Amino acid sequence: MPIQVEPVSDSSSFPEHVDVVVIGAGVVGTCTAYELASKGVSVALLEKGVVAGEQSSRNWGWVRQQNRDLHELSLAMFSLRRWEELGAEIGRDLGFRRMGLLYCSRDEEEIARWERWGKSAREQGFVSELLSGAQAKERTPGSVSTWLGGVWSPTDGRAEPSLAVPAIAEGAKAKGVLLHQNCAVRGIDVAGGKVAGVWTERGLIRTSAVVAAGGAWNSRFCRHHGIDLPIANIGGTAFRTNTAPDVLTAGSVSMPGIAMRRRLDGKYTVAVPGHGSVNIAPQGLRYATKFYQMYRAKLAKKLKYRIDSSFWNGPEALGSWHNDQISPFEKTRILDPKPDAELVEFGLRNLIRELPALKDVKVEASWGGMIDTAPDLVPVISRVDQLPGLVIASGFSGHGFGIGPGAGRLASELVLNEAPIVDPAAYRLSRFSDGSAIRRPEMM
């Protein structure tokens, strides 16, 4: 695995009964477990691989409010506050810093979209600064481009994926969460039409509530129980440079062809925004029509389509199993897709061309990740009507790391029937089946 994640030890005892089982120890599942335990609830946090082994350690490390879908903005704003609180509560460094976020553009239409978004965002209490071309250039003194404009969000932040989720997991354990890695959940035990437990590879855990936060695997897990969760898993690629000069006036910057974050170790995490790959597989074919608006909006020309072994194996394949049999989740402990070498080369060229001070920079490591993506790019954080006791937290569309703390709080409130921090209507699963029109995403 090309990603180095801080190791977390398992709890010493394996439970027979808990109030809530959380499936998946990525950022959303771990934050959910932490929030539940903070309220005195007994929790088992189960992970088929290791804490943050998949997308939660492979993302860009951005913690942003700027350019979120307006339905997601209130949750992103809460998450920023929660990121700031969590480090102090847990007593560990999450790598979180409010260093600001800068977007620069040569596209008039894009700048106009930012301006429209900013006016609507102010109504929710979020304020960023639309920049002229000269102001954008002033904030990117090492760039070669002449910008038409930009947008500057001084309150946005960054965090270190390899540090943050393991630290939150340790904080959850300190509050009593029982963490077990390399322990796949095979399925839910149902009695009287309700959640009664989970079947794991180590046996049955009795519980009346389950939070499914399994990232790219969540849709396949739900189909095992006859629940439709329309998700497209989009492959992403990112890379890490060697130690390099600090050329940024913000913690994270997006320019045409480059998205980059200055890391605490003096290196950069770099990606090419919007580009990725889609494996043609049964799950994607099943839900293809629901993604028409998304592909039409922006992504169609930036995605590569391919067929590989994932058609028969992995998170989007067909195939059933019994809860007393080895499941697909045990067969792939850590989903570790290959990075797109052409995209890495393209990103490095863009980086050096735009920022000549980085002409000697080298790629130290590159990696792939699988991004569970919803048709409208807004996550599903929702109870499931057909199976009382189940809450789904999924489809974060590349935003999960940044809004993980808020998503964890909201999921915990749905489990406990508490007043939610934000209106959960925008995140309901039923919006994809109740006749509601699937909106065309404008912000990515």
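Throughout these legends, buried means under 20% relative accessible area, exposed over 50%, and partly exposed in between (1.4 Å probe, protein chains only). The structure is a predicted model, in which local features need pLDDT of at least 70 and side-chain atom pairs count only at pLDDT 80 or more, while totals for chains, interfaces and linings use all residues. Residues are numbered from 1 along each chain as its sequence is written, and side-chain values use heavy atoms, with hydrogens and water left out.

**Figure 1. The largest nonpolar core, of 56 residues.** A nonpolar core is a set of buried Ala, Val, Leu, Ile, Met, Phe, Trp, Tyr and Cys residues joined through side-chain atoms within 4.5 Å. The residues with the most contacts inside this core are V20, V22, V51, W83, I381 and F401. Among the elements that each supply at least two of its residues are β1 (20–23), α2 (70–90), β21 (390–394) and α11 (400–416); helices (H or I, at least four residues) and strands (E, at least two) are DSSP runs, numbered from the N terminus. Leaving aside residues up to four places away in sequence, V51 touches V5, V8, A25, V165, P166, A169, L179 and Q181, where contact means heavy atoms within 4.5 Å. Another core, of 33 residues, lies apart from the largest one and includes I205, A216, M370 and A374.

**Figure 2. The salt bridge between R286 and D228.** A salt bridge is a side-chain nitrogen of Lys or Arg within 4 Å of a carboxyl oxygen of Asp or Glu; by this rule the count comes to 27. In this pair the closest N and O atoms are 2.9 Å apart. R286 belongs to helix α7 (residues 282–286) and D228 to the loop between α6 (218–223) and β13 (232–241), so that distant parts of the chain, 58 residues apart, are linked. D228 is partly exposed, at 41% relative accessible area.

**Figure 3. The salt bridge between R240 and E364.** The N to O distance is 2.8 Å. R240 in strand β13 and E364 in strand β19 (residues 363–373) are 124 residues apart. R240 is buried, with a relative accessible area of 16%, whereas E364 is partly exposed at 39%.

**Figure 4. The salt bridge between D340 and K304.** The two side chains meet at 2.7 Å, N to O. D340 lies in the loop between α9 (328–331) and α10 (341–354) and K304 in strand β18 (residues 303–306), so the pair ties together parts 36 residues apart in sequence. D340 is buried at 19% relative accessible area, and K304 is partly exposed at 36%.

**Figure 5. S145 and its surroundings.** S145 is placed in the loop between α4 (133–139) and β6 (149–153) and is buried, with a relative accessible area of 9%. Its side chain joins that of E354 in a polar contact of 2.7 Å. A polar contact is a pair of N or O atoms within 3.5 Å; within protein, one must be able to donate a hydrogen and the other to accept it, and residues adjacent in sequence count only if both atoms are side-chain atoms. Not counting residues up to four places away in sequence, S145 touches R106, K137 and E354. R106 and E354 themselves meet in a salt bridge (4.0 Å, N to O).
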